[in-house]
Amino acid sequence: GSLEISRTIQGYWQLAGGHGRYRETDAISNMEAHFKAGITTLDTADIYGPSEIIVGKFVNTQPKAIPITKFCCFRFLDEITREEVRQRIQRACERLQVSKLPLVQFFWSNYDIKRYVDVALYLTELKEEGLIQEIGATNFDLKRLQELRKAGVPIVSHQVQLSALDRRPVQSGMAHWCVENKIKLIGFGTVGSGMSSYAVDL
């Protein structure tokens, strides 16, 4: 069956470090409070330092939590092998303490290196094998998203920056194409990267 996630998602990029110090116990308490409020989906990534591990500790105590992660490709893009993809996905499963990743969101940093379709198809093989439940994309442009879909990559979601201030996914036609192709948009920076949320004390 298809994956159901909460309408609002907990994001844990802050746990990468470099965004201020925190206590792991406080982070897990925060996850618990959000979960109890009905925000059952936790968003992390393989590049967010220990974030996957900390989310995994929470998931281990709350099996109904839904951890979604990212598969980010920044370096040695022309050397990524099928075996490396498998090892990285297996490591994410171990860190998140799940037997199958509910949603893997694929990111590719350089379109000049054309292997994003190949790597997405390696992820598709792991979906067919049962290590991944669903595949999404994150921060792709419309042209490359269309290439992935044409190649048979079963993308169900696309995570993009989207707010009243930043409407690029709508203006570019991407949002319309995603609706037509049954790809759900997952918006981040929804309060204008914080600009819509500032309170001024006079």
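Q: Why is Phe76 called exposed?
A: Exposed means over 50% relative accessible area, buried under 20%, and partly exposed in between, with a 1.4 Å probe and protein chains only. Phe76 has 51% relative accessibility, so Phe76 counts as exposed. The model is predicted: local features need pLDDT of at least 70, side-chain atom pairs count only at pLDDT 80 or more, and totals for chains, interfaces and linings use all residues. Residues are numbered from 1 along each chain as its sequence is written, and side-chain values use heavy atoms, without hydrogens and water.

Q: Where is Phe76 found?
A: Phe76 is in the loop between strand S3 (66-73) and helix H3 (82-96); helices (H or I, at least four residues) and strands (E, at least two) are DSSP runs, numbered from the N terminus.

Q: Why does Lys182 count as exposed?
A: Its relative accessibility is 72%, and therefore Lys182 counts as exposed. Lys182 is in the loop between helix H7 (174-180) and strand S7 (184-188), and phi of Lys182 is near 55°, also a positive value in a residue other than glycine.

Q: Which residues of the lining of the second largest pocket are charged or nonpolar, by number?
A: The lining divides into six nonpolar, no polar and six charged residues. Ala, Val, Leu, Ile, Met, Phe, Trp, Tyr, Cys and Pro count as nonpolar, Asp, Glu, Lys and Arg as charged, and the others, Gly among them, as polar.
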